[in-house]
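Dear colleague,

Please read them with the structure open beside you.

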Amino acid sequence: MTSRTALITGASGAIGSAIARLLAGEGMSLALHCHRNRDVTEALASELPVPTCVVSSDLADAEAVAAMFGQVEVELGLPQILIHSAGVLRGAFLILMKEESWDECLDVSLKGAFLCTKQALRGMTKAKWGRIVYIGSTAGLTGDVSRGNYSAAKAGLVGLARSVAREVGRGGITANVVCPGVIDSPMASGMSEKRRTELLARIPSGRLGTTNEVASLVRYLVSEDASYVTGAVIPIDGGLSM
């Protein structure tokens with residue numbers, strides 16, 4: 001995998017940074033995307049022992065995404081691995097949800113995935129090899145209270161991945177969705193003790209997942225060993241979505 005270049009969107013997040021660290025261990029070059037947290041992303045890049053570049057882009061802007069891929073191509077070569085981990089959470093009951101909150105969730109998680117995939121397929125089809133992994137959520141499989149926008153965006157990734165898998169599967173390109181459940185991260189640390197207890201009671205494994213467990217699954221899906229896995233939707237949630 002040392003000849004591969006991977007682009008990770010949302011690389012400053014807990015899951016995105018864990019993926020970056022594991023893929024760096026495989027020796028591949030990494031393009032780390034951020035929108036606002038550039039300092040955090042640059043600090044992550046500085047600790048990785050592989051060629052890296054930090055790219056900033058509004059993922060809902062087609063021209064900005066094209067420019068981002070152009071920068072990656074100049075600095076590291078066309079990415080043959082795309083990991084779309086970027087997402088936002090703007091919770092509210094649907095009856096109270098603002099249209100802006102709906103649009104922002106779908107723009108980053110779903111439209112961003114479409115625009116990045118469209119650009120990434122240029123290099124992948126040229127190389128006759130590619131790996132696309134979308135970071136979804138169990139919320140996209142089961143729905144969730146006060147997260148209708150987030151759930152809809154993550155559910156959309158399932159249809160996108162399976163469409164991509166059917167369109168380009170014969171070109172040596174795979175597309176899959178990883179659906180984390182409740183992961184021990186800064187987002188989860190903000191939960192009340194009551195909410196945490198309620199969630200743990202619903203998880204058959206009886207614990208929260210780790211970012212490293214999610215990253216390990218992604219590492220497998222972008223490897224040569226996963227060449228026959230495509231169109232898959234894989235929960236990593238301790239059984240929560242059963």
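Below are the notes on the fold, the surface and the cysteines.

This is a predicted model, in which local features need pLDDT of at least 70 and side-chain atom pairs count only at pLDDT 80 or more, while totals for chains, interfaces and linings use all residues. Residues are numbered from 1 along each chain as its sequence is written, and side-chain values use heavy atoms, with hydrogens and water left out.

The chain has 9 helices and 7 strands, taken as DSSP runs (H or I of at least four residues for helices, E of at least two for strands). Its radius of gyration, computed over C-alpha atoms, is 17 Å, close to the 18 Å that the globule rule (2.2 Å times the number of residues to the power 0.38) gives for 242 residues, so the chain is as compact as a globular protein of that length. Of the contacts (heavy atoms within 4.5 Å) with a separation of 6 or more, 69% join residues 24 or more positions apart.

Of the 242 residues, 49% count as buried, meaning under 20% relative accessible area with a 1.4 Å probe, protein chains only.

As for the cysteines, the structure holds 0 disulfides, a disulfide being a pair of cysteine sulfur atoms within 2.5 Å. Cys-34 is in no disulfide, and the nearest cysteine sulfur, that of Cys-53, is 11 Å away; Cys-34 is also buried, because its relative accessibility is 2%. The sulfur of Cys-179 lies 16 Å from the closest cysteine sulfur, in Cys-105, which is too far for a bond, and Cys-179 counts as buried at 1% relative accessibility.

Technical notes:
Buried < 20%, exposed > 50% of the residue type's maximum accessible area, 1.4 Å probe, protein only.
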